[in-house]
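User: Could you walk me through this one? I would like to start with the sheet and then go over the salt bridges.

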Amino acid sequence: MKKIFIILSLVCSGLLHAQEVTEVKGLRLYEHHSSDMTSMPFGNGADGSKSGYDFVNRRYFKSFNEANMGAYSNGEEQNIDMVEHEGMFGTSGMSKILGFTAGVSSIWSGQIKGNEQTKWHLVTNGLAAYDATSTKAALIALYNPAKAQFAVTEVKDNEVYVGRIRGSNLYVLVKCTGSKQPFSAPDGSTMDNSYFNFDYKYTGSAPTGIAEATNNISITVFPNPASEKLVIRSVSDNFSGAFVRIVDALGKEVYNASVAGNNVEVNTSALKQGLYYVVLTNSEGMHQLTRSVHIIH
(Lines give C-alpha, C1' and ligand atoms only; values in the text may rest on other atoms or scores of the structure.)
Protein backbone atom coordinates (compact mmCIF):
# COMPACT_ATOMS: atom_id res chain seq x y z
CA MET A 1 0.00 0.00 0.00
CA LYS A 2 1.27 3.46 -0.84
CA LYS A 3 2.01 5.61 2.15
CA ILE A 4 1.86 9.37 1.94
CA PHE A 5 3.44 11.26 4.80
CA ILE A 6 2.27 14.85 5.17
CA ILE A 7 4.92 16.72 7.07
CA LEU A 8 4.67 20.37 8.00
CA SER A 9 8.06 21.93 7.42
CA LEU A 10 8.09 23.43 10.90
CA VAL A 11 8.06 19.87 12.26
CA CYS A 12 10.46 18.22 9.86
CA SER A 13 12.24 20.99 7.94
CA GLY A 14 15.26 18.79 7.32
CA LEU A 15 13.40 17.02 4.50
CA LEU A 16 13.28 20.29 2.58
CA HIS A 17 17.00 20.90 2.46
CA ALA A 18 17.75 18.45 -0.34
CA GLN A 19 16.64 20.97 -2.95
CA GLU A 20 19.50 22.44 -4.94
CA VAL A 21 19.37 25.61 -7.02
CA THR A 22 16.40 26.29 -9.31
CA GLU A 23 16.19 29.13 -11.85
CA VAL A 24 13.21 31.26 -12.92
CA LYS A 25 13.62 33.47 -16.01
CA GLY A 26 11.97 36.28 -17.88
CA LEU A 27 10.23 38.40 -15.22
CA ARG A 28 9.63 42.16 -15.21
CA LEU A 29 8.87 44.42 -12.27
CA TYR A 30 7.12 47.66 -13.27
CA GLU A 31 6.84 51.04 -11.63
CA HIS A 32 3.12 51.25 -10.91
CA HIS A 33 2.43 54.17 -13.30
CA SER A 34 3.83 52.32 -16.32
CA SER A 35 1.68 52.55 -19.44
CA ASP A 36 1.91 48.85 -20.25
CA MET A 37 -0.13 48.23 -17.11
CA THR A 38 -2.43 51.25 -16.95
CA SER A 39 -2.93 51.87 -20.73
CA MET A 40 -2.63 55.56 -19.88
CA PRO A 41 0.15 58.15 -20.28
CA PHE A 42 2.87 57.69 -17.71
CA GLY A 43 1.97 59.33 -14.42
CA ASN A 44 -1.75 58.79 -14.92
CA GLY A 45 -3.52 55.88 -13.28
CA ALA A 46 -1.91 53.23 -11.09
CA ASP A 47 -1.73 49.46 -11.29
CA GLY A 48 0.22 47.39 -8.78
CA SER A 49 -0.35 43.99 -10.39
CA LYS A 50 3.30 43.62 -11.47
CA SER A 51 4.91 45.95 -8.96
CA GLY A 52 5.53 43.42 -6.21
CA TYR A 53 6.86 39.86 -6.13
CA ASP A 54 6.39 36.93 -3.75
CA PHE A 55 9.40 34.57 -3.79
CA VAL A 56 7.72 31.93 -1.61
CA ASN A 57 4.85 31.26 -4.02
CA ARG A 58 6.83 32.48 -7.05
CA ARG A 59 4.23 34.91 -8.34
CA TYR A 60 3.50 38.62 -8.68
CA PHE A 61 1.73 40.26 -5.75
CA LYS A 62 -0.03 43.63 -5.92
CA SER A 63 2.02 46.38 -4.34
CA PHE A 64 -0.91 48.28 -2.80
CA ASN A 65 -4.59 47.90 -1.97
CA GLU A 66 -6.31 48.76 -5.23
CA ALA A 67 -9.73 48.89 -3.55
CA ASN A 68 -8.84 52.20 -1.91
CA MET A 69 -5.54 53.11 -3.65
CA GLY A 70 -3.88 52.91 -0.26
CA ALA A 71 -2.08 50.73 2.22
CA TYR A 72 -3.08 47.17 2.98
CA SER A 73 -5.14 46.68 6.11
CA ASN A 74 -5.05 42.91 6.70
CA GLY A 75 -1.41 41.97 6.45
CA GLU A 76 -1.28 41.25 2.70
CA GLU A 77 2.16 42.84 2.47
CA GLN A 78 3.55 39.81 4.33
CA ASN A 79 3.62 38.16 0.90
CA ILE A 80 5.79 40.87 -0.70
CA ASP A 81 9.55 40.24 -0.74
CA MET A 82 10.28 42.71 -3.56
CA VAL A 83 8.19 45.83 -4.21
CA GLU A 84 8.97 48.61 -6.68
CA HIS A 85 10.78 51.45 -4.99
CA GLU A 86 11.52 54.80 -6.60
CA GLY A 87 14.89 55.23 -4.97
CA MET A 88 15.59 57.06 -1.73
CA PHE A 89 16.50 60.47 -3.06
CA GLY A 90 13.50 61.60 -5.10
CA THR A 91 11.72 64.94 -4.95
CA SER A 92 8.05 64.99 -3.93
CA GLY A 93 7.91 61.23 -4.25
CA MET A 94 9.34 61.21 -7.78
CA SER A 95 12.93 60.13 -8.35
CA LYS A 96 14.84 59.22 -11.46
CA ILE A 97 15.90 55.75 -10.43
CA LEU A 98 14.02 52.50 -9.87
CA GLY A 99 14.90 50.04 -7.13
CA PHE A 100 13.10 47.60 -4.87
CA THR A 101 12.49 47.08 -1.19
CA ALA A 102 10.95 44.68 1.30
CA GLY A 103 10.47 47.61 3.67
CA VAL A 104 8.50 50.83 3.24
CA SER A 105 8.82 52.60 -0.11
CA SER A 106 9.70 56.28 -0.33
CA ILE A 107 6.51 56.98 -2.31
CA TRP A 108 2.80 57.19 -1.47
CA SER A 109 3.54 57.97 2.19
CA GLY A 110 4.39 54.38 3.00
CA GLN A 111 1.31 52.86 1.38
CA ILE A 112 3.55 50.69 -0.79
CA LYS A 113 5.60 48.37 1.37
CA GLY A 114 6.87 44.84 1.72
CA ASN A 115 6.96 42.40 4.59
CA GLU A 116 9.77 44.20 6.46
CA GLN A 117 11.55 40.86 6.87
CA THR A 118 13.35 40.02 3.62
CA LYS A 119 16.80 41.61 3.25
CA TRP A 120 19.06 42.12 0.22
CA HIS A 121 22.51 43.27 -0.83
CA LEU A 122 24.59 43.66 -3.97
CA VAL A 123 26.84 40.74 -4.93
CA THR A 124 30.42 41.64 -5.85
CA ASN A 125 31.39 40.19 -9.24
CA GLY A 126 27.73 39.25 -9.47
CA LEU A 127 27.44 38.02 -13.08
CA ALA A 128 30.22 35.49 -12.61
CA ALA A 129 28.75 34.42 -9.28
CA TYR A 130 25.29 34.02 -10.80
CA ASP A 131 26.54 31.93 -13.71
CA ALA A 132 28.69 29.74 -11.46
CA THR A 133 26.14 29.16 -8.69
CA SER A 134 24.62 25.71 -8.99
CA THR A 135 24.61 24.40 -5.42
CA LYS A 136 22.74 25.40 -2.34
CA ALA A 137 25.90 25.93 -0.32
CA ALA A 138 27.42 28.22 -2.96
CA LEU A 139 24.31 30.40 -3.17
CA ILE A 140 23.92 30.75 0.58
CA ALA A 141 27.61 31.59 0.93
CA LEU A 142 27.03 34.72 -1.17
CA TYR A 143 24.70 36.19 1.47
CA ASN A 144 26.32 38.45 4.05
CA PRO A 145 23.89 39.43 6.84
CA ALA A 146 26.14 42.30 7.86
CA LYS A 147 25.61 43.95 4.46
CA ALA A 148 21.95 43.13 3.95
CA GLN A 149 19.21 45.77 4.11
CA PHE A 150 15.55 46.02 3.19
CA ALA A 151 16.15 48.20 0.12
CA VAL A 152 18.23 48.21 -3.04
CA THR A 153 18.23 51.89 -4.02
CA GLU A 154 18.76 51.40 -7.75
CA VAL A 155 18.64 48.22 -9.84
CA LYS A 156 21.23 48.40 -12.61
CA ASP A 157 21.61 46.32 -15.75
CA ASN A 158 23.75 43.20 -15.28
CA GLU A 159 23.97 43.58 -11.52
CA VAL A 160 23.12 40.76 -9.11
CA TYR A 161 21.53 40.90 -5.67
CA VAL A 162 21.14 38.21 -3.03
CA GLY A 163 18.34 38.04 -0.48
CA ARG A 164 17.28 35.99 2.51
CA ILE A 165 13.52 35.59 2.33
CA ARG A 166 11.59 36.50 5.48
CA GLY A 167 14.37 35.41 7.80
CA SER A 168 13.95 31.80 6.66
CA ASN A 169 16.26 29.27 5.01
CA LEU A 170 15.09 30.35 1.56
CA TYR A 171 17.73 32.32 -0.37
CA VAL A 172 17.33 34.08 -3.72
CA LEU A 173 19.87 35.39 -6.25
CA VAL A 174 18.40 38.08 -8.55
CA LYS A 175 20.03 39.18 -11.81
CA CYS A 176 18.85 42.36 -13.55
CA THR A 177 18.90 41.59 -17.27
CA GLY A 178 17.76 45.04 -18.46
CA SER A 179 15.94 48.13 -17.31
CA LYS A 180 14.21 51.26 -18.55
CA GLN A 181 15.20 54.29 -16.51
CA PRO A 182 14.91 57.16 -15.79
CA PHE A 183 11.19 57.91 -15.64
CA SER A 184 9.38 60.20 -18.02
CA ALA A 185 8.08 63.39 -16.49
CA PRO A 186 4.61 62.69 -15.03
CA ASP A 187 2.87 65.38 -17.09
CA GLY A 188 0.51 63.07 -18.99
CA SER A 189 2.13 63.84 -22.32
CA THR A 190 3.56 60.45 -23.27
CA MET A 191 2.91 56.74 -23.05
CA ASP A 192 5.93 55.30 -21.30
CA ASN A 193 7.19 52.70 -18.85
CA SER A 194 9.72 52.25 -16.11
CA TYR A 195 10.79 48.72 -15.20
CA PHE A 196 13.58 46.25 -14.73
CA ASN A 197 13.76 42.73 -16.15
CA PHE A 198 15.17 39.98 -13.98
CA ASP A 199 15.96 36.28 -13.68
CA TYR A 200 16.54 34.61 -10.34
CA LYS A 201 17.82 31.46 -8.70
CA TYR A 202 16.59 30.13 -5.38
CA THR A 203 17.38 27.40 -2.90
CA GLY A 204 16.49 26.22 0.58
CA SER A 205 13.24 25.81 2.49
CA ALA A 206 10.45 28.37 2.37
CA PRO A 207 8.82 29.75 5.50
CA THR A 208 5.39 28.46 6.46
CA GLY A 209 2.37 30.32 7.76
CA ILE A 210 2.62 33.08 5.15
CA ALA A 211 0.21 35.99 5.66
CA GLU A 212 -1.52 34.43 8.61
CA ALA A 213 -4.09 37.27 8.53
CA THR A 214 -6.54 35.28 6.41
CA ASN A 215 -9.72 36.65 7.94
CA ASN A 216 -9.15 34.29 10.89
CA ILE A 217 -9.03 31.20 8.67
CA SER A 218 -6.67 28.49 9.90
CA ILE A 219 -6.22 25.05 8.40
CA THR A 220 -5.08 21.62 9.43
CA VAL A 221 -3.65 19.08 6.98
CA PHE A 222 -4.05 15.41 7.86
CA PRO A 223 -3.77 12.45 8.42
CA ASN A 224 -0.13 12.03 9.21
CA PRO A 225 0.82 9.51 7.99
CA ALA A 226 -1.82 9.31 5.27
CA SER A 227 -2.80 6.89 2.58
CA GLU A 228 -4.24 7.84 -0.82
CA LYS A 229 -5.70 11.20 0.19
CA LEU A 230 -4.92 14.54 1.81
CA VAL A 231 -7.54 16.32 3.91
CA ILE A 232 -7.49 20.11 4.34
CA ARG A 233 -9.89 21.27 7.03
CA SER A 234 -10.86 24.46 8.82
CA VAL A 235 -13.38 25.18 11.57
CA SER A 236 -13.83 28.76 10.34
CA ASP A 237 -17.25 29.74 9.00
CA ASN A 238 -15.61 31.83 6.27
CA PHE A 239 -13.51 28.95 4.88
CA SER A 240 -16.26 28.33 2.31
CA GLY A 241 -15.53 30.36 -0.82
CA ALA A 242 -11.76 30.16 -0.37
CA PHE A 243 -9.53 28.65 -3.06
CA VAL A 244 -7.01 25.85 -2.56
CA ARG A 245 -4.04 25.12 -4.80
CA ILE A 246 -1.28 22.53 -4.52
CA VAL A 247 1.99 23.29 -6.30
CA ASP A 248 5.21 21.32 -6.57
CA ALA A 249 8.65 22.61 -5.56
CA LEU A 250 9.11 24.27 -8.98
CA GLY A 251 5.84 26.14 -8.75
CA LYS A 252 3.86 23.91 -11.12
CA GLU A 253 0.23 23.62 -10.08
CA VAL A 254 -0.98 20.03 -9.63
CA TYR A 255 -4.36 20.70 -8.03
CA ASN A 256 -6.84 23.54 -7.60
CA ALA A 257 -10.38 23.80 -6.27
CA SER A 258 -12.76 26.26 -4.69
CA VAL A 259 -13.98 25.39 -1.20
CA ALA A 260 -17.68 24.60 -0.80
CA GLY A 261 -17.64 23.77 2.91
CA ASN A 262 -15.12 23.32 5.71
CA ASN A 263 -13.39 20.29 4.26
CA VAL A 264 -11.35 19.55 1.12
CA GLU A 265 -10.25 16.03 0.25
CA VAL A 266 -7.52 15.60 -2.36
CA ASN A 267 -6.65 12.32 -4.06
CA THR A 268 -2.85 12.31 -3.94
CA SER A 269 -2.24 8.78 -5.22
CA ALA A 270 -1.10 10.03 -8.64
CA LEU A 271 1.33 12.64 -7.31
CA LYS A 272 5.03 11.94 -7.59
CA GLN A 273 7.12 11.68 -4.46
CA GLY A 274 8.54 15.02 -3.36
CA LEU A 275 7.91 18.42 -1.83
CA TYR A 276 4.60 20.26 -2.39
CA TYR A 277 2.91 23.39 -1.09
CA VAL A 278 -0.75 23.73 -0.11
CA VAL A 279 -1.75 27.35 -0.79
CA LEU A 280 -5.03 28.73 0.57
CA THR A 281 -6.35 32.03 -0.82
CA ASN A 282 -9.40 33.64 0.74
CA SER A 283 -12.55 34.44 -1.23
CA GLU A 284 -11.38 38.00 -2.01
CA GLY A 285 -8.12 36.67 -3.43
CA MET A 286 -6.12 38.90 -1.12
CA HIS A 287 -4.83 36.78 1.80
CA GLN A 288 -2.81 33.61 1.65
CA LEU A 289 -1.86 30.79 3.96
CA THR A 290 0.85 28.37 2.85
CA ARG A 291 1.70 24.96 4.21
CA SER A 292 4.51 22.75 2.90
CA VAL A 293 3.99 19.00 2.60
CA HIS A 294 6.20 16.09 1.69
CA ILE A 295 4.87 13.05 -0.15
CA ILE A 296 6.60 9.69 0.08
CA HIS A 297 5.23 6.64 -1.70
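This is a predicted model: local features need pLDDT of at least 70, side-chain atom pairs count only at pLDDT 80 or more; totals for chains, interfaces and linings use all residues.

User: What is the strand order in the open sheet of five strands?

Analyst: The order is β1-β10-β9-β8-β6 with antiparallel pairing, where strands are DSSP runs of E with at least two residues, numbered from the N terminus, and two strands pair if DSSP finds at least two bridges between them. β1 (22-30) and β6 (119-122) stand at the edges with a single partner strand each, so one side of each has no neighbour in the sheet.

User: And how many bridges join β6 to β8?

Analyst: Four bridges join these antiparallel strands, and Trp120 stands opposite Gly163 in β8.

User: Switching topic, how many salt bridges are there?

Analyst: The count comes to six, a salt bridge being a side-chain nitrogen of Lys or Arg within 4 Å of a carboxyl oxygen of Asp or Glu. One of them joins Asp192 and Lys180 (2.9 Å, N to O), with Asp192 in the loop between β9 (169-180) and β10 (195-205) and Lys180 in strand β9, 12 residues apart.

User: Is Asp192 buried or exposed?

Analyst: Asp192 is buried at 16% relative accessible area, whereas Lys180 is partly exposed at 29% (buried means under 20%, exposed over 50%, partly exposed in between, with a 1.4 Å probe and protein chains only).

Notes:
Residues are numbered from 1 along each chain as its sequence is written. Side-chain values use heavy atoms; hydrogens and water are left out.
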